[in-house]
Amino acid sequence: MASAILPLSSPSRPLRNDLKANWKRGTSNRTFLRKDYTKAKQSFTRTRMTLAVEVSRFNDITMAPPDPILGVSEAFKADTHEMKLNLGVGAYRTEDLQPYVLNVVKKAEKLMLERGENKEYLPIEGLAAFNKATAELLFGANNAVILQQRVATAQGLSGTGSLRLAAALIERYFPGSKVLISSPTWGNHKNIFNDARVPWSEYRYYDPKTVGLDFDGMISDIKAAPDGSFVLLHGCAHNPTGIDPTPGQWEKIADVIQEKKHIPFFDVAYQGFASGSLDADASSVRLFAARGMELLIAQSYSKNLGLYAERIGAINVVCSSSDVAERVKSQLKRLARPMYSNPPVHGARIVANVVGNSDLFDEWKEEMQMMAGRIKNVRKKLYDSLSAKDSSGKDWSFVLKQIGMFSFTGLNKAQSENMTNKWHVYMTKDGRISLAGLSSAKCEYLADAIIDSYHNVS
Ligand code: PGU
């Protein structure tokens with residue numbers, strides 16, 4: 001490694017002379033004493049000690065690539081074109097393409113302020129009222145798993161942090177066990193398991209020929225995995241494809257997972273956002289729970305309550321008995337403590353207040369339907385524009401069939417790059433666009449960009 005001693009080995013000559021002259025004269029603007037000179041000299045010596053090391057101990061660290069999703073927003077900000085669109089990150093925007101804070105969130109925060117709640121540490125497992133509310137929202141308050149106290153719930157740092165905590169649990173208590181993830185999936189899943197040192201492999205999910213689910217491929221890959229693997233499933237609104245199994249297909253997936261003694265691991269980041277109904281969007285998880293299976297479920301309130309930056313979510317582990325659940329919870333706490341000690345309180349209180357107050361809860365459902373409805377409207381308008389403008393006869397109906405925040409356009413990397421470079425439409429390179437970042441006014445512009453990229457770039 002290169003090293004260098006900077007030339008500052010002592011006070012520079014002109015400065016040194018100046019210091020001495022001032023000391024001899026004894027008079028200057030301020031009186032300069034011998035002790036001042038000594039002090040200055042010592043300080044330069046200290047500087048020398050500090051600087052006389054290698055250029056940097058971190059010199060071998062290379063530049064990390066920009067994040068494939070969050071990095072898109074950084075590039076978007078730097079663009080000044082008036083038609084620019086940020087369809088990269090899955091974050092809800094209003095029709096004016098502005099971030100949206102839900103009214104129920106503002107009301108809950110007002111209540112919290114009036115109560116003058118303190119800022120004491122939460123317990124390691126998080127806010128009790130939140131943990132109760134979040135598990136009930138997921139399973140339904142009267143679900144057997146809740147009544148029998150078979151769920152270990154710990155508040156997590158949103159969906160990502162909750163997944164990471166579950167990955168740490170797998171690494172510690174199921175060493176060598178594999179997690180099966182869909183191909184494709186949300187990009188950060190791979191990072192999470194890599195960093196937790198949990199081996200993973202992919203199961204087939206998306207079929208580009210049908211622009212639909214490769215159900216047979218999915219089933220045979222789950223069957224082929226070693227018994228007792230974890231199978232990561234998107235609870236609803238699969239990211240990035242927007243393609244979910246039908247209720248009948250979910251039953252078959254559960255059959256195979258049971259046969260193989262696998263452990264289902266749900267990522268629920270869009271409850272209420274796919275259909276507009278909290279219950280309907282939890283039906284996949286409830287179907288597995290009703291079979292008496294043990295399972296893991298990570299939850300996020302980033303999208304459905306718009307609490308992106310509050311980092312609020314949870315990890316739930318459904319166990320075969322309350323006794324096991326208690327032990328699992330104690331270990332989740334043990335894993336969390338050295339990572340972040342205990343979770344933040346603000347988002348947890350918002351969720352607990354919204355879910356725990358029947359008026360706010362009803363209002364939340366209305367706002368969620370409004371958000372889901374706006375996305376469905378632009379989805380329809382985009383489909384209409386694509387169909388009207390494209391004379392090639394291509395069938396764009398997949399846009400309508402996909403659900404949730406995203407549309408998986410089928411555009412390849414070069415075509416996606418054309419969307420950005422030529423049309424100022426920012427999106428991930430896998431061809432995914434977030435419809436939550438699209439307004440009705442810009443649907444036609446987006447359709448022009450997609451048609452051009454699809455037909456004129458290979
Ligand atoms: N799981 C899935 C399937 C997700 O899509 C996301 C967010 C998360 C978990 C984690 O979200 P939290 O905010 O940690 O709760 N995916 C978005 C947001 C941007 C990102 O990549 O974090 C997306 O655009 O895919």
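Me: Which helix gives the most to the shell around the ligand?
Reply: This is a predicted model. The shell around the ligand holds 18 residues. The helix that gives the most to this shell covers residues 158-173 and supplies three residues. That helix is H7.

Me: From which domains does the shell around the ligand draw at least three residues each?
Reply: One of the two is built from two segments, 70-100 and 366-456. The other spans 123-356. They are domain 2 and domain 3.

Me: How far from an oxygen atom of the ligand does a polar side-chain atom of Ser158 lie?
Reply: Pairs of N or O atoms count as polar contacts within 3.5 Å. A backbone N or O atom of Gly90 lies 2.7 Å from a ligand oxygen, and a backbone N or O atom of Gly159 lies 2.8 Å from one. For the polar side-chain atom of Ser158 the distance to an oxygen atom of the ligand is 2.5 Å.

Me: What percentage of the area that the ligand exposes when taken alone does the protein bury?
Reply: The ligand sits in the largest pocket. Taken alone, the ligand exposes 540 Å². The share of this area that the protein buries is 92%.

Me: Where is Pro184, the residue joined to Ser183 by a cis peptide bond?
Reply: The bond from Ser183 to Pro184 has omega near 0°, and is cis. Strand E3 covers 179-183 and helix H8 covers 188-195. Pro184 is in the loop between E3 and H8.

Me: What is omega for the cis peptide bond that joins Asn239 and Pro240?
Reply: Pro240 lies in the loop between strand E7 (230-234) and helix H10 (247-259). For the cis bond joining Asn239 and Pro240, omega is about 15°.

Technical notes
Residues numbered from 1 in each chain as written. Predicted model: local features only at pLDDT ≥ 70, side-chain atom pairs only at ≥ 80, totals over all residues. Heavy atoms only, no water. Near = heavy atom within 4 Å. Polar contact = N/O pair within 3.5 Å; in protein donor to acceptor, adjacent residues only side chain to side chain. Areas by Shrake-Rupley, 256 points an atom, 1.4 Å probe, with all protein chains shown as cover. 1 Å grid on protein atoms, 1.4 Å probe; cavity = no way out; pocket = protein on both sides within 12 Å on 5 of 7 lines; lining within 4 Å. Sits in = over half its atoms within 2 Å of the grid points. Helix = DSSP H or I, 4+ residues; strand = E, 2+ residues; numbered from the N terminus. Domains from an automatic or database assignment.
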